[in-house]
Every structure is written in C-alpha cells, then in structure tokens.
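Here is a friendly walk through one structure, from its domains to its helix packing and its chain contact. Please keep the coordinates open as you read.

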Amino acid sequence: MKDIETYTVPIMADLAAQGKTPEYLFWVGCAGAFDTRYKKVTVAFAKLLLHAEVDFAILGSEETCNGDPAKRAGNEMLFQMQALRVIEMLKMYNVKKIITCCPHCFNIFKNEYPELGGNYEVTHHSVFLNELVEKGILTSDKNILKDKSIVYHDPCYLGRGNDIYEPAREINKSVTDKIIEMPRNRSKALCCGAGGAQMFKEAETGNKEVFVERTEEALNTGADIVATSCPFCMTMITDGIKYKNREDEVKNLDIAELLLMALKIDL
Amino acid sequence: MIKQVVFSLVLLATLAVFAYSMKRLWYNFSLTKKQPVGNWGKRFRLMLEVAIGQTKIFRYPLAGIFHALVFWGFLVITLGSIEMVIDGIFGTERIMSGTGWFYDFITASGDIMAYVIVVCILFFLSRRLFIRIKRFYGVEMQPKSKYDALIALKIILLLMVSLAGLNMAYCQMHPDDHVGLFPLSSIFAPLLLSDLSTHGLHVLHEISWWVHILLIFIFANILPYSKHFHVFTSIPNVFLSRLEPLGYLQNMPSITTEIRYMLFPETAESPTEASVARYGVKDVGDVTWKNYLDSLACTECGRCTDNCPANITGKKLSPRKIFIDLRARMKEYAEATRVNGLEYNDGKSLLHDFVSTEELWACTTCNACAQECPVNINHPSLIVDMRRYLVMEEASAPAGLNAMFANIENNGAPWQYPPEDRLLWLNDLNKS
C-alpha cells in the first residue's frame, strides 16, 4: 500500500497515445460521473485503487451509457445501439478487464454483453476491494470506526442478480465488529425502489414509496451507518434517511468510503 | 374377470379424456414462439436440486416442510399406484411383490407417507379455512382459485384415507402372511378394525381400492383445468428453466442484426424483413412456449407477490397475476381461434385487456419474485418483454423514461450532462 501526496487518475486515451494498455478499465458509470453525492464514492474508490497501486485507467469523456436503463425500460433498440458502440470502443483500447462500482453496469457487462460480442472479466468494486483487503494490499485500522455499527443493504443486481452477497459484508467486518443485519437480507433483501429504470420515472401510485419502506427497515436496526454498494441504492437510502429526518444521526456510506476512512496508511 | 373389464374400461376412458386435454394444450403451445433448449446435464442437476430436493420451497420453512413431505410421499405412493393399475388390468394381486426388499421399501414408505400426508393436508386445509394468509388473497385470486385449492386438498386427503383403509384392511385380513411392510397400518388395523368380520374386511378392502384408484383417475383429469396442474408441470418447468443468473435479461437478436447493419453497413449482414414480426410481447402469440409453461406451472402460492417491493408498497403490480392472466388469455384466445381459425382477431390482447401498463411500469426488476418462485418461473423477463412492446411499438413509455431515452441518445447519459463533465470528479481527488 502506497502513501500518496497528489492523486492522479490515468485516462485511457492518454495511455494509448503512449502505447500503454492498463490492466483494468475503471468503468465510472453515469452516476459515478454526474451524481453529486455519488461522485464522492468514485473519488474514494479511485483513491483506494491508487493506494493499492492497481494498473488502471478511466475512459473519461469518452465513456458513454452502456444502455442498461434503456434495456430495463424496454428500449432494446437504444440499449443495443449503445452496447455495440461501447464494444467497439473497448475493442479499440483492447480492454480485457473491467472494474465498476455500479451493480447495474457490472450485470450488463457480465451477462448481456457477451452475446453481443463483448467478453470481459468484470468485477464489482465490492469484490475487488475485498480481494485487496484479503491479500493484505489494503489494510484497515479497526480503531477508526470501531464505535460505529453498520447495516448493509444488498443491491438487487449484485445479490439476487448475480449471487454476490458476502464481499461487501467482509469489507464492513474489516472496519468494525458491530455488524447488524436487516430482517430482509441477502437473497431476501428488499429492493431500494430504483431498479428497472424506476430511478428515472415517477413511482406508480401505491400507499408508500419503496425507498421509505426499505429505509425504515434499515433505521429500525439502530445502526449508525447504512452501507450501500450501488449508486441508485445510495440515492434512495440517502433520500429515505432525509425523509425520516435522521440525517444527523445516521449516515449512508458506500463500502469504498468506509474502507478509505478506515485505511491504515503506513508512513 | 368383470372387475378387470370394468377397470380396463374406466382406465381407457380416463386416458382418453386425458389425451383430449393434452391435445388441447398442445394446440395452445403451438401458438407460442420457439426458444431453443440445451445444456441437459446442468438442467438435470437443477431439477434434482430444486424440484426433487424442493430446495426453494423451504424458503418458507413451515409450509416448506409440509409441502416437501407431501411431494416426497407422492413419489413413493405413485409406485404403488402403478402396481394397482397393473393389478387392475390383469386381475393380479400385488404384482410387484416379487421384488423383495424393493417391495418392502415402497410399501413401507408408502404406508408411512400416507399418514404423514394426511397430517400435512389437514395443516394446509386449516391454514386455508381458518387463517387469513395475505398471499392467498389479491385481485387475481378469484373464488375459483380458492375452491380449486380446497377441492385439490380434499381429493388428496381422500386419496390418503382410502390408501390407509386399503392397507389396514389388507393387514387385518393377513395378519401373519402379508407381503410388503406396513409399519403404521399394521399397528392401527387391530385397533380400528378388530370388530369387522372377514367379509367386512374384504368389502372395506375392495371399496378402498376402488375409491383410491378412481380418485386418482378423476384427479388426473381435473388437474389440467386447475392450478394443481403443477403436479405434472412443475418438474418439467424447473428442468427447462433459465440457467443464466437472475440478473440476465435476454437480448433481442433481430435487433442486433439491424443495428449492426446501421452502424457498420459495409461489414454487417442485412436484416431480412421476416426477422422481426413484432417487438416485444402484446398477446399470447408473442410469448415463448416457456412463458406459457411457466403459467401452467404456477400454483398460485403467491410467494412472488408476497416479496414484490411494488406490491408490498401498495402498487398494482402482482407478479402472480401476470401469469394467471397469461393462462386465462391463452384459454380465451385458443378457444376463439380453435373455432374461428388462426386469422381470427377478437380485438383483445394480454397487454392492456389483462395486464395494465400501470402494473408493468411498477416493476423494479429486482428479481425477488423469480428468486422466491419454487418452480423457477421468471416473471421479470415477461414483464420487460411487454415493456418492449409498449416502448418500441406503441412509443408509450412514461414521460420520465422518454426523457432518459432522449438523454442517452443525445449526450450518452441518462441525465442531461455533456460528456466533458465526466471528468469533473477528478477535480475533487485532491480536495480534502
């Protein structure tokens, strides 16, 4: 693990100009680039990658939507238009391995791109960071967050969608011993309400918002921190905590932010 | 001899009615779209685990254990039923008794499971009659669904009571020289049947035998018209279910051809006009045979709806309803075209007349429904297929989604930000 004075993130086109191909593409995703709150997660994850001396680059302004929200909303035409363009671009940069913080981007690269000709080794940041912790490349100091209790909300497209439940929990365990579970966890977890392109539309009429139902469940555990590992879950849970007027006591943080906060940097 | 003739005629009638029902179903399947199947080894393991092993039913532990016991009991008792049919045709008595330990195994397990199933069915009946379990209610749960469940449970109860009667009468008639093992009936018989004469026992034996076998025949022919058809369809449905992770949503190959041609006209093959008849699903003619099999395998347990975030928060969506609707619409459409020919259009469709857009747009594609379904029905893929019709054929997506589509087309992001702004977060890297 390296101490860093000035963080610099390499950009794919710059490396290509120097004839270099990084091992990983860090796919930032639209929320990672544009969502005010979630940009902090992107920053945290990039810092962790730099501390761990991972050989990576981002596409920067060349990145474009991989078509996931369009596909889930039923616009297969627009999805495939985006997908075939993205595949061409990644071919140009000779991308073999992708890391991303977004479970939706992760899912579509892993499950739906191969049929269209895009074959990559895709890793979600929870899995990637957990490996770095397990290998001892990143080490956390348990004293920093030891008084905080953490409850983890499973993103649908990581959990049920791809059967990945434990790495994020392992990261949480590496920063505190106070781990709480919601009654509905892992494959029984309740959706935050944003999936299936709900993020971009008004909710249909009902007697409650899904994000309120889920946030209440998280708040009822009494945890100090609600940990998430998906940009859309973060929007929903953060909104839910504000809606319940609990933002002073309870924080919604991404697992990358938690790990960065607890990072032990040897000087 | 008379018994053999009567039995054989009844059996023929049963098979004829059943064949008629299957022929009608075959016609329904012929209306649906093709979808290839492969990977048989993996499917076989999945079937052993989810269908035979009942793994997903245990996600509701109490109902799960009772259901699994009934299911496993059915498996061993079915072997005994096969013997009864052979005996009935040929006038033999316990034809399989020459199989030694195997016969001891099937008679002993069948005997124990008959009583176990009686207890389980009493649990299921009382749960439906005396407790209000939320997932057994909902707009799609018409009175037919309720009676359907109660009739099936009562038939199964009678099946088991008659089997117990048969076993007990047999044990009491042959206390020392019976073939096979009847661990429970040999205990109960002296307690319950000691007052009966030899003739009385014989009558009880015959009545139990006929009641049991006739109920099987009747039940088998009610099933294709009932939600309890899952007795036949659930094992094949699990076997044929999707093997991809739940997060996977099928791509549309016809669109790939079109877009390749559009983006790379020099190298791509040109799309044929016949390749796309219709985008997405509007009616039962657009669904795959697997979607329809899903609807036949659905036993309306409601675990999907019980776990649906939209349904939990009072939205109209109920994943179970989508498949009950598919089954109902297929029945209506198939009957209409059977009479009037395939060109007939009754002016109705699955989408709109059965499933409303409000239901479809409430789905978060979270896959809680598919995760819970004990027979591996995949609800989100059909929901998205109907969304595809709404978006690509009707252009009738909600306003927010149309704005999202436009943003992706114009600036490559679901929000209205220019691509250059994708670098802005880098400015925050060195701010503390």
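## Domains of chain A

Chain A is assigned domain 1 (12-130) and domain 2 (139-261), with bounds that come from an automatic or database domain assignment. The centres of domain 1 of chain A and domain 2 of chain A, taken over C-alpha atoms, are 23 Å apart. Between them, 27 residues of domain 1 of chain A are in contact with 26 residues of domain 2 of chain A (contact means that the C-beta atoms of two residues, placed from the backbone, lie within 7 Å). This is a predicted model, in which local features need pLDDT of at least 70 and side-chain atom pairs count only at pLDDT 80 or more, while totals for chains, interfaces and linings use all residues. Residues are numbered from 1 along each chain as its sequence is written, and chains are lettered from A and ligands numbered from 1 in the order in which they are written.

## Helices H7 and H9 of chain A

Helix H7 (residues 125-134) and helix H9 (residues 166-175) of chain A have axes that come within 8 Å and cross at roughly 45°. That makes H7(A) oblique to H9(A) (angles under 35 degrees count as roughly parallel, over 145 as roughly antiparallel, 65 to 115 as roughly perpendicular and the rest as oblique). Axes are lines fitted to C-alpha atoms, for helices over the stretch in contact, and angles run from 0 to 180 degrees between N-to-C directions.

H7(A) contributes A:Ser126, A:Val127, A:Leu129, A:Asn130 and A:Val133 to the contact, and H9(A) contributes A:Pro167, A:Ala168, A:Glu170, A:Ile171 and A:Ser174. The residues of this contact of H7(A) with H9(A) divide into six nonpolar, three polar and one charged.

## The sheet of chain A

An open sheet of four strands in chain A has the order E6-E5-E7-E8, with parallel pairing (two strands pair if DSSP finds at least two bridges between them). Strand E6 (179-180) and strand E8 (251-254) of chain A are at the edges, each with a single partner strand, so one side of each is left without a neighbour in the sheet. Strand E5 (residues 150-152) of chain A is joined to E6(A) by two bridges, and A:Ile150 stands opposite A:Ile179 in E6(A).

H9(A) packs on this sheet, touching E5, E6 and strand E7 (225-228) of chain A, and its direction makes about 175° with that of E5(A). Helix H11 (residues 231-243) of chain A lies across E7 and E8 of chain A, running at about 170° to E8(A).

Chain B is assigned domain 1 (2-230) and domain 2 (253-411). Their centres, taken over C-alpha atoms, are 36 Å apart.

Methods:
Ala, Val, Leu, Ile, Met, Phe, Trp, Tyr, Cys and Pro count as nonpolar, Asp, Glu, Lys and Arg as charged, and the others, Gly among them, as polar.
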